[in-house]
Amino acid sequence: MMDFKVDEAKCIGCGSCVRDCVSGAIEMCGSVPTVARFGERMCIKCQHCLAVCPRGAISIFGIKPESCGTVKTLPRPDDVASLLKFRRSCRQFKPENVSKDKVAKLKDVLNWAPTGCNSRAMHFAIVEDVKAMGRLRLLLNKTLLSAIQNDTLPPSMSGMKLAAPLLERGDDLVLRGAPHLIVAAAHRDAPSGTMDPVIALAQFEVMAQSLGLGTTWCGFAHLVIGNLCSDAKALLNLPEGFSPSCLMLFGEPAVVYPRTTCPEPYGISVIS
């Protein structure tokens, strides 16, 4: 149930909520917004009607405007540009747990990750403890070495045969010494299951960087888990119907980059 309510003492009849409702779930009845015919069925639970109301007159799904944030502080454009330009794939991590306060902030911001059709059909698995990460690290590297030795690597990973000596001496080729990881998984019925997890981890990465943490997109670990290690999938404890989509390593960096790089510019087509 939408439980759509309007405080008529506050409502000024501006219609902002109706104009911002992409699914047409609400409409104006005179000067007051109300649920449209079939509105219950059409609503995608985005809460835009609540967020856009200038007077805080709308409640929906039991959520009242006073329960929502109203102080908007945005970083300056130069600060955002600096954050993005100084971002590096972290290759050296401290072997220690990230503070509980930082982890809590990272998990909290995930709730605002957008999804196609506002499906919210995502689940996240986070390895929060270095000891648990150690067990996963051992499992993945052992599984990879076994696949190389038994010649059971899938074609997409055939190039890893040359890595056998490194794995045999104990090098961590899969998780790169990171103390933590996050896996974003989309439900098989998600309307935008390919892109939603990528967007979520991009948002997670920006927050992590703002907290001074190092991050690395780790497609290789995703390959190993997806193709070789069903035990790792079980360790991630994903609900039925969810599959790992992308993976990011994170932790306190053991290195500081005092300057940005100068990357070759991408091509840009301008249509005017």
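1. Helices (H or I, at least four residues) and strands (E, at least two) are DSSP runs numbered from the N terminus, and the helix called H6 is followed by Asp151, whose phi is positive, near 55°. This is a predicted model, in which local features need pLDDT of at least 70 and side-chain atom pairs count only at pLDDT 80 or more, while totals for chains, interfaces and linings use all residues. Residues are numbered from 1 along each chain as its sequence is written, and side-chain values use heavy atoms, with hydrogens and water left out.

2. The 20 residues of H6 (residues 130–149) should span 28 Å at 1.5 Å a residue, and the end C-alpha atoms of the helix are 28 Å apart, which agrees; the expected span is 1.5 Å times one less than the number of residues.

3. Among the buried residues of H6 are Met133, Leu136, Leu140 and Ile148, where buried means under 20% relative accessible area, exposed over 50%, and partly exposed in between (1.4 Å probe, protein chains only). What covers the buried residues of H6 includes strand E5 (122–127) and helix H7 (164–168).

4. Two residues other than glycine have a positive phi in loops. Phe38, with phi near 65°, lies in the loop between strand E3 (32–35) and helix H2 (39–42), and counts as partly exposed because its relative accessibility is 44%. Asn237, with phi near 55°, lies in the loop between H10 and E8, and counts as exposed because its relative accessibility is 62%.

5. Met195 has its place in the loop between E6 and helix H8 (196–210), and with a relative accessible area of 47% Met195 is partly exposed.

Key: Contact = heavy atoms within 4.5 Å.
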